[in-house]
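Have a look at the model first, then go through the points below.

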Amino acid sequence: MIVPAEREQGVSLDVVRIRADFPVLQQSIHGNRLVYLDSAATSQTPEPVVRAIAGFYRDDCANVHRGVHELSRRATDSFEGAREKVRHFINAESTREIIFTRGTTDAINLVAQTFGRRAVGSGDEVILSALEHHSNIVPWQMLCDEIGARLRVIPMFDDGTLDIDAYRDLIGPRTKMVALVHISNALGTTNPIKELVSLAHDHGIPVLVDGAQAVPHVPVDVRALGCDFYAFSAHKMYGPTGIGALYGREEHLNAMPPYQGGGDMIRQVTFEKTVFNAIPHKFEAGTPNIAGTIGMGAAIDYIAAIGRDEVSAHEARLVAHASERLSSIGGVRLIGTAREKVGVVSFVVEGAHPHDVGTILDHRGVAIRAGHHCAQPVMDRLGIPATARASFGIYNDDDDVDALVRAVLEVREVFA
Ligand code: 7TS
């Protein structure tokens, strides 16, 4: 999508061409061009992904791993083909290490309730960070409450970066699990995951990484990161809702008990005893979201065709540009100013509640999210109830930043 001459000059993606793949972006909202800046919540879906999902229902709809007939064979091939795409996408060693889930939340709950339940005992500790999304807090809290363990939290500085020295001090003989977000959805902070994983591994402690906000924006290599588990959702990376993946190291997955019981996760069932299926099927009870996995595979193909390094560079430039423009507006304060920041720009406007900011922006066709972003502890730590958050994707460009800035200037006028 990038012309070679432009690549040399560091010019960005061909956004006009990319946008043409997203029918949803062709509409106006309240008489204005839709400027979609809420991809951190859910990204939009390009035509090839929609076609792949529709194609399954139109031409190949059947259950997987069961039938001897042609349609079932095709469905199974596409389903397992998507698993291979996911494996390659995060550079896992084997497709046995890729479990399809409903998304990031489902993946983290799976690990907490199977691996976590065995690894963490009464009096033990689970370390999280101050930057976590609720979905990487609540499942661990539920587990700890049930078994009498407790959560320890890596504190963060005012700029939204974690205090690594404090993390070092938190790790102790009672630490049995570490669960950390790769990139913060509320502030955009990129955590030094490889270093954080390695510090835990020095003490033999396993690490789960919440990669929901990382996979759409930066190349991810689970083997290079060294993590034990990595969770993400398709709907934040141009794929469908209701599907995601959990990467788990093979030796862990083999040792873990199943999460749910049912069809497909078994090898043999009698009323006396069940022999479970091999991984990854042991963790995929019941008919899976077949169309979803196929859509997720198509989304991976779509991103790969554009180029992950190119996506990363384009979005880094947009985030820097938006940060600079917004912070130059009087009365606008950026929330989260880490140097390593990806995908999102959170901000507050003096005298205006973020929800009012969001509403005025919506009237100008600019879609952002306003609220605590399912990261209430981040807001509490910074002493604010909420932020306005613009988040970026492959279809955004400088015109979108201009529209955002114009609308925020209007907010300033209204609330001055
Ligand atoms: N982890 C992070 C870092 C997230 O940003 C989200 C969703 C989740 C986990 C949960 O993902 P799910 O697909 O299982 O729901 N984040 C957001 C957001 O920022 N705005 O809406 C959802």
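A polar contact here is a pair of N or O atoms within 3.5 Å; within protein, one must be able to donate a hydrogen and the other to accept it, and residues adjacent in sequence count only if both atoms are side-chain atoms. This is a predicted model, so local features need pLDDT of at least 70 and side-chain atom pairs pLDDT 80 or more, while totals for chains, interfaces and linings use all residues. Residues are numbered from 1 along each chain as its sequence is written, and side-chain values use heavy atoms, with hydrogens and water left out.

**Ligand contacts**
- A polar side-chain atom of Lys236 lies 2.9 Å from a ligand nitrogen.
- Arg369 also puts a polar side-chain atom by a ligand nitrogen, at 2.5 Å.
- For Thr105, a side-chain N or O atom is 2.6 Å from a ligand oxygen.
- On its own the ligand exposes 490 Å², and the protein buries 87% of that (Shrake-Rupley method, 1.4 Å probe; for residues, only the protein chains shown count as cover).

**Ligand shell**
- The ligand is surrounded by 16 residues (a heavy atom within 4 Å), and Asp210, Ser233 and Arg389 are among the closest.
- That shell splits into four nonpolar, eight polar and four charged residues (Ala, Val, Leu, Ile, Met, Phe, Trp, Tyr, Cys and Pro count as nonpolar, Asp, Glu, Lys and Arg as charged, the others, Gly among them, as polar).
- Domain 1 (15-45 + 308-415) and domain 2 (50-304) each supply at least three shell residues (bounds from an automatic or database domain assignment).
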